[in-house]
Amino acid sequence: MSRKAKVSQSQNIFASGRKKGAIIREQLLHYSIALLSVALAVGITLLLRPYFTAAPAAIFLAAVMVSAWYGGFAPGLLATVLSTLVINYLFLHPLSPVKIITNLDIFVRLIVFMLTAGLIIWLNESRRTAQRKAEANLKSLRESEARFGRLTESNIIGVIVVNLNGLIIEANDAFLQMLNYTREDLRSSRIRWGEIVPFEYIEVSERAIQELIITGSCKPFEQEYIRKDGSLVPVLLGFAKQGDRTIIGFVLDLSERKQAEAEAQHRSRQAEVAQSILQMLLEHIPEGITITGGFPDFSIIANSKLAQELLGRPSESLVGISSESYLQLYNLFLADGVTPLTLEQLPLYRATRYGETIRNQECIIERPDGTTITAIANVVPIRDSQGEIIGAIDCWRDITNRKLIEEALRQRETELRLITDTLPVLISFIDSEQRYRFNNRAYQEWFGHPTAEVYGKHLWEVLGESAYEVLRPYVEQVLAGEQVTFESEVPYKDGGTRYVNAIYVPQFNRQGTVEGYAALIADISEQQAALRARKLVEEALCDSEERYRILTEVSPQAIWMGDRDGGITYCNQYWLDFTGLTMEQTAGYGWISVIHPDDRDRVFKTSMQAVANATNYEVEIRFRQVSDGSYRWHLVRGLPFRDQSGQIIKWVGIASDIHDRKVAQASLQQLNEILEQRIQERTAQLEAANKELESFSYSVSHDLRAPLRHIAGFVELLQKRHSSTSLDQTSQRYLKIIADTAKQAGILIDELLTFSRMGRTEMRYINLNMEELVQEVKRDLLAETAGRIVHWHIEPLPEAQGDPSMLRLVLRNLMGNAVKYTQTQNPAEITVGSIDNENEVIFFVQDNGIGFNMQYVHKLFGVFQRLHSDRQFEGTGVGLANVQRIIHRHNGRVWAEAVVDSGATFYFSLPKLSKKESE
């Protein structure tokens, strides 16, 4: 049908036949859809029957749904009846009504199907009813809008008046502008409804006209109008009858709305695509993804499937919980695994709250089952177009296995480093550019450079030019893919010239290209030196063996060798000439036949004990001389030779003629006995002389004391009788000199007696507290230090063993001398200390006095020997002699060191005695 014919038919809006035809066509269409749906369900079920036999009614229910959706109750009921008959006779066993009732299973299945189909029909009918009500409400609304438009007569929307022939007889400016027509076109009747409606909207317009005829108005509907220039404009139309011959219409330009709807639809599709992509990512991405919202609770709005599984809650959704609740739900720790993670430290919270971007932050997560994982988080904040934070995305990954692998690798590297560092060879890895990538500790010890300093350096930088020139051919060979083994002398820059044994092993990558090589280098300089020395030793040994053979043959001593059991296997020519035996007669134990009969048992027993105990032996033996049959003394020594396991393999020894020495020893023994007798006689004489000397010393001292006392007494009487005015100064000085000399002579006699008694006084050994003894002597010297400044420095002193009175006298003399000879110093510094050695304890007294010249130190401890005059310092010259005598009686030593005007130090040592010796 042509377009003009179609337009002419639509203009006859009162044709009654069209309404009936449309209704019939619509009803036929609905029932046709029902029949077609059942037919399609039959076909699909038959096709799928080999694969889908359990529930054929499912597809027929779909047919019922389609029929009810498009046609309503009656087509749906028709589809239900047809589907029930088809299911019973085609897919179940054909049954009569009586059999259906008796076969309960089939009966129930058919009843359930019909009930379900009925429910579907009822639901669709309810939907259609609701839809009709909604359309009626929309129609009422549009009519209201039309009335409002007529009343206002505004140009916001287009308003037209159309006669029954489709001619637009009136239109407002909004409508004319909408279609680009002018008011002149309107007056000239150039605007007709049939010409501005596109062909594809004729049917829509006809339905609107039918509705208009029936109800007096039509619901607003959308279509397009043709502008004057031929372009299309989308419009919303609404018509209402105005009287019997005209129709008023309201036309709304939908161009902007359609454009906005298109854009909104586009954005909606984009959002749906983005949502679909996000959902797919959250389902399948191999990362933990957590997305949170913004302030105030920062709740979780999305969580990936993997994140749920890693958190130990695969079936629970965390969407909607706040960050604080999330923190309470899981035990989160910092990377140390001990410090709990606070809300302020939570990466998601920091990014959402403060806008931080967090990179590679590690944390420990304790899951509900008690297991822990190590996660690394990367979090970025989400901002809107104004830059405000509206959420955050946390992309985190379970790195537990990686951490375990890294720890295992570190452990493996540590073990490898430990192994390589303990090996006595140089191990390194050099890349294809001849740069060091690994060195063991031997490199540092060899070259003196830390491993970190060597890393990345070229070979020639570390080895030096000379060494590099030697090694370069081997390096080029291994980088060509060949394993190299060589020995060479290499002049290293910092390691000296060494003879090395080296193995270069190439390392290939997956493409088969050499990426470097491992080097194992052993310093064999000592082995080479030892090899050269061994050759020299072997040559020297050959010479030595030859010389030894010659020496053994010409030696004036018997030289022998035996097997492991002591049997003789070799004797030199001296033995054969001395005994007259042949080698065969001497072999084994034949040599015993020439031993003196009195020595045989003793010698045999001694030699067998040495063999049994595997020890050296030495024995004196008398051998018979073949020349005159006499026996001569020989000293026989035997040494065992052992193999590497310590087992004796042979014996070697000599027999030296000591007969003349034995005779001389006998003569010497006789002479010693005579000398011993003479010594005893001389000792008795010396003891008698010592007693006489002691008696003489006592007598002399006693006889000398009496005259000295007389002199001192008469001088005192003269001083009392004559006053200081009766004698001149010279006489008084003479009397004073006589008195002082007598007093000094008395002191000298006392010191001499003390010295003589020191040699015969019995010693009493006890454990002495030397600190207390020093303090006692110090107190005794207080009178001598009165009016002086003396600084005493008494160090902690160990205990000593000795005679208390004698050692007190030693300290009295040494400390008294220190006080005496520091008179010129102010203040005086005196130190008493000790030095502990392995076998003795050394005590010393040190002062800052006048000292002495070490040239005369040998005179220091002699009797009456003084290094300073009486005018300077009083003394008798016996005190240090007493010190030496006492210390010698204690088996100790005494000595002194000094510098003139810088002080002196006197030492004496006491041996350490064991507890048993002290007792």
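Let's start with Lys228 and Asp185, whose side chains meet in a salt bridge at 3.0 Å, N to O (a salt bridge is a side-chain nitrogen of Lys or Arg within 4 Å of a carboxyl oxygen of Asp or Glu). The pair links distant parts of the chain, 43 residues apart: Lys228 sits in the loop between β3 (221-226) and β4 (232-242), and Asp185 in helix α8. Helices here are DSSP runs of H or I with at least four residues, and strands are E runs of at least two, numbered from the N terminus. Asp185 is buried, with a relative accessible area of 4%, while Lys228 counts as partly exposed at 47% (buried means under 20%, exposed over 50%, partly exposed in between, with a 1.4 Å probe and protein chains only).

A word on the model: it is predicted, so local features need pLDDT of at least 70 and side-chain atom pairs 80 or more, while totals for chains, interfaces and linings use all residues. Residues are numbered from 1 along each chain as its sequence is written, and side-chain values use heavy atoms, leaving out hydrogens and water.

Arg183 forms a salt bridge with Asp173, with the closest N and O atoms 2.6 Å apart. Arg183 is partly exposed at 28%, as is Asp173 at 34%.

Elsewhere, the side chains of Arg350 and Glu356 meet in a salt bridge of 3.0 Å, N to O. Arg350 is buried at 18%, whereas Glu356 is partly exposed at 31%. Across the whole structure, a search finds 25 salt bridges.
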